[in-house]
Amino acid sequence: MTTMIVELGARAYPILIEPGLLARAGDAIAPLARGRRVAIVCDENVAAHLTTLRASLDAAGVASEVLVLPPGEATKSWSQLQAVCDFLLDLGIERTDHVIALGGGVIGDLVGFGAAILKRGCRFIQIPTTLLAQVDSSVGGKTAINTRAGKNLIGAFHQPVLVLIDPTVLDTLPARELRAGYAEVVKYGLIDDPEFFVWCEANGAALLAGELAARTVAIGHAVAAKARIVAADEHETTGQRALLNLGHTFGHALEAEAHYSGRLIHGEAVAAGCALAFAYSARVGLCTQADADRVAAHWRATGLPDSLAASGIAASGARLVDHMRHDKKMAAGTLPFLLARGIGRTFLDKTVDLADVEAFLDDQR
Ligand SMILES: NC(=O)c1ccc[n+]([C@@H]2O[C@H](COP(=O)([O-])OP(=O)(O)OC[C@H]3O[C@@H](n4cnc5c(N)ncnc54)[C@H](O)[C@@H]3O)[C@@H](O)[C@H]2O)c1
Ligand SMILES: O=C(O)C(=O)C[C@@H](O)[C@H](O)[C@H](O)COP(=O)(O)O
Ligand SMILES: [Zn+2]
């Protein structure tokens, strides 16, 4: 078993990673539950994993109650937030009780936010079941729902007390979802770890083909990077955590334009967004065209969208930039962008002119 700690002082928490861990989750949760029942929220597509989790909790003497939600990005909504809160209130969940988010980033973000506001904060546990959630969303405490104004605009920082990662649960994940999660894996290489990008170029195909060893390496590497960044800048105030937003300003605009439908899912939007961030960086002379081409080539090699055209979103530059004006990084009329001086050399650029981004996007159509 690999154990990592997110070093956040009194709110530090462990991340446990081990193939087969879900079937032993009860052993890790029972000492926290201290005889109290736990609430589990998941979506319809993880029914088999829910059965494994509940059997393990039962065996460890922990009673559980379950809420099953519809799958998909549309579930990160006001109405499902209300459903989660009402479920927890009806159960009489107290602040020291535990709510388990069993699922992908949608369930983690929604349930984490419910836990953040229930009685002003109750304890929650992340058991991520998608690659994206295992390498990114289950760690770091960003929780949110989407609204008609945009993505993740209502939310809170609320850290879990425990993260349990079982790479074997990815065996049931559809190939498209595995690929989308892989985009957030590669992101760590693009941000500040060029050697890891090289590892991805060499091992991405094996990971996507289901090789457990490649998956486990990628998860461990990504989680260690995320834990380090979150510990250094929990609330995204110093600029370090903002690096994790590489590709997201473009990506969230594309997701908004797709109306949070299955037409373009988050990881795919991030892949296209990273390609755009590198293409824009090359256009303004920050990085070489060869670097931008190399990023796009890796997306193509792994079946991810490598451009605006490949994302399937045909919106104008003006329309996409309008979505970007809701970005949480926007400050006093300026939108800092994650740009790159090369692969593994991402930085926050506060001098980008949105009119220029608009023209760039129009040129990409
Ligand atoms: N909080 C953060 O730091 C953070 C980081 C990255 C992404 N996110 C958010 O995460 C969300 C995307 O998460 P996601 O990609 O996990 O999507 P998701 O939660 O929608 O899961 C993808 C699909 O896979 C299904 N599924 C989940 N686990 C499965 C399994 N083991 N077997 C079979 N099917 C399974 C789900 O039902 C869903 O249909 C977005 O809303 C994004 O904004 C948040
Ligand atoms: O943890 C972070 O910080 C991230 O930015 C991780 C992203 O992959 C994730 O999609 C996050 O939800 C985006 O955050 P937002 O602040 O742009 O909503
Ligand atoms: Zn993301």
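User: Start with Glu236: buried, exposed or partly exposed?
Analyst: Glu236 is partly exposed, because 19 other C-beta atoms lie within 10 Å. A residue is buried with 20 or more other C-beta atoms within 10 Å of its own, exposed with 12 or fewer, and partly exposed in between, with C-beta atoms placed from the backbone. This is a predicted model: local features need pLDDT of at least 70, side-chain atom pairs count only at pLDDT 80 or more, and totals for chains, interfaces and linings use all residues. Residues are numbered from 1 along each chain as its sequence is written, while chains are lettered from A and ligands numbered from 1 in the order in which they are written.

User: Where is Glu236 in the fold?
Analyst: Glu236 is in the loop that joins helix H8 (212-232) to H9. Helices (H or I, at least four residues) and strands (E, at least two) are DSSP runs, numbered from the N terminus.

User: And what is its phi?
Analyst: Glu236 has a positive phi of about 55 degrees, and it is not a glycine. Most residues other than glycine have a negative phi.

User: What about phi at Ala332?
Analyst: Ala332 has a positive phi too, near 50 degrees. Its loop runs between helix H13 (317-324) and strand S10 (337-340). Ala332 counts as exposed, because it has 4 C-beta neighbours inside 10 Å.

User: Switching to UniProt: which residues are listed under "binding site"?
Analyst: The record, an unreviewed entry, lists Glu184, His248 and His266. UniProt positions are in the numbering used here, feature names are shortened, and annotations may be inferred rather than shown by experiment.

User: Take His248. Which helix, and what does it contact?
Analyst: His248 is in helix H9 (residues 248-257). Leaving aside neighbours within four places in sequence, His248 contacts Val270 and Gly273. Two residues are in contact if their C-beta atoms, placed from the backbone, lie within 7 Å. His248 is buried, because it has 25 other C-beta atoms within 10 Å.

User: Now the other histidine, His266: buried or exposed?
Analyst: His266 is buried, because it has 27 C-beta neighbours inside 10 Å. His266 is part of helix H10. Not counting residues up to four places away in sequence, His266 touches Gly105, Leu132, Ala180 and Glu255.

User: On to the ligands. Which residues surround ligand 2?
Analyst: The shell of ligand 2 includes Glu184 and His248, and also Asp136, Asn152, Arg241 and Lys328 among others. A residue is near a molecule or strand if its C-beta atom, placed from the backbone, lies within 6 Å of it. By class, the shell around ligand 2 has two nonpolar, four polar and five charged residues. Ala, Val, Leu, Ile, Met, Phe, Trp, Tyr, Cys and Pro count as nonpolar, Asp, Glu, Lys and Arg as charged, and the others, Gly among them, as polar.

User: And how many residues surround ligand 1?
Analyst: Ligand 1 is surrounded by 32 residues, the closest being Asn45, Pro71, Gly104, Gly105 and Ser137. Two or more residues of that shell come from each of helix H4 (105-117), helix H5 (131-137), helix H6 (175-192) and helix H10 (266-283). The shell of ligand 1 has nine nonpolar, 15 polar and eight charged residues.

User: Where does ligand 1 lie relative to the domains?
Analyst: Ligand 1 lies between domain 1 (2-172) and domain 2 (175-364), because both give residues to its shell. Ligand 2 also lies between them, because both domains supply its shell. The domain bounds come from an automatic or database domain assignment.

User: How far apart are the domain centres, and how many residues touch?
Analyst: The centres of domain 1 and domain 2 are 25 Å apart, taken over C-alpha atoms. In the contact, 29 residues of domain 1 meet 31 residues of domain 2. On the domain 1 side, H5 gives the most, with five residues. That side has 17 nonpolar, eight polar and four charged residues.

User: Last one: how many residues of strand S3 are buried?
Analyst: Six of the six residues in strand S3 (residues 38-43) are buried. Val38, Ile40 and Cys42 are on one face, and Ala39, Val41 and Asp43 on the other. S3 pairs in the parallel sense with strand S4 (residues 64-69) over six bridges; two strands pair if DSSP finds at least two bridges between them. Cys42 has Val68 as its bridge partner in S4.
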